[in-house]
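Hi,

Here's the structure I promised to pass on. Have a look at it first, and then read my notes below.

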Amino acid sequence: MTGKYDWNKRRKKVHRGRRNRRTGGIQIAGVLVVILIFFVMLIGFVTNTDAPVEASGSNRLDKEFPWYLTLVNYQNHIPEDYEPKLVEVQGKEQVDERIYEPLMEMLEAAREGNRGELPLVVSGYRTAEKQQSLYDEKIAEYRKEGYSESEAEELAKQWVAVPGYSEHQLGFAVDINGASYDVYLWLQENSYKYGFIFRYPGDKTQITGVAEEVWHYRYVGAKAAAEMYEQGLCLEEYLETI
Ligand SMILES: [Zn+2]
């Protein structure tokens, strides 16, 4: 401490004449440090904001995936001219005919987690028009609560996908109603055996862009569903690994 103090004192006396030059040098060094920090922060920021994009597998759509692994999320539109072959479920909703059998097998088995009752598919395939009306209704709900148009849109997006970006438009996704909440716990533990995944768990919201939906199940095939279940991956993460 003493040494340092003396040095400073001496510098003040001896180098007073050079002070301006020295101060100028320090200022330039300071500016350079600020610029450096700025770039480091910029790189960090860009990396951060890019992370969900990479994680979503949005670039992987060029890669050929089988039909049951088609990714549709807030960044990936349903394929152009998409027209699924539909079949009725429980006399009300419709799904892609290719998922009908595993879906019914799963619902039958889910009786054991649903007080013996058959869980109901309350929403299956949706047309673009249907998705649009659900989306508009959700925005209207938030507008009624006093949110601005843009706020209402942002909030609505967390619950209802923007038309063209909903898995329901594929026909591989279903919303399931049970007699009690227990059926959702049963589904979380058993759906993979039938090729279905708990698509929007709360801990994957940052990647999927969707808040937790315990009722929404998506068909991905038995092999992928088992691997995702065992490794704790959501569909976006899984597509990165194959
Ligand atoms: Zn759904």
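Predicted model: local features only at pLDDT ≥ 70, side-chain atom pairs only at ≥ 80, totals over all residues.

Let's begin with helix α4, which covers residues 128-144. From its first C-alpha to its last, the 17 residues reach 24 Å, close to the 24 Å expected at 1.5 Å a residue. Which residues of α4 are buried? They include Gln131, Tyr135 and Ile139. These lie on the same side of α4, because they cover an arc of only 70° around the axis. Part of what covers the buried residues of α4 is α5 (149-157). Turn to the other side of α4 and you'll find Glu129, Glu137, Ala140 and Lys144, which are exposed. After α4 comes Gly146, with a positive phi near 100°.

Next, the sheet. This one is open and has four strands, in the order β3-β4-β6-β5, with antiparallel pairing. Its edge strands are β3 (120-123) and β5 (196-200), and each of those pairs on one side only. From one strand to the next, the twist averages 50°. Helix α6 (residues 182-190) lies across β4, β5 and β6, and runs at about 35° to β6.

Last, two loop residues. As background, most residues other than glycine have a negative phi. Gln90 has a positive one, near 55°, and sits in the loop between β1 (86-89) and β2 (93-96). Arg115 also has a positive phi, near 55°, and belongs to the loop between α3 (100-109) and β3.

Is each of these two buried, partly exposed or exposed? Gln90 counts as partly exposed because it has 13 C-beta neighbours inside 10 Å. Arg115 has 11 inside 10 Å, so Arg115 counts as exposed.

How values were computed
Residues numbered from 1 in each chain as written. Expected span 1.5 Å × (residues − 1). Buried ≥ 20, exposed ≤ 12 C-beta atoms within 10 Å, placed from the backbone. Arc of directions from axis to C-beta. Contact = placed C-beta atoms within 7 Å. Pairing = 2+ DSSP bridges. Axes fitted to C-alpha atoms, helices over the stretch in contact; angles between N-to-C directions.
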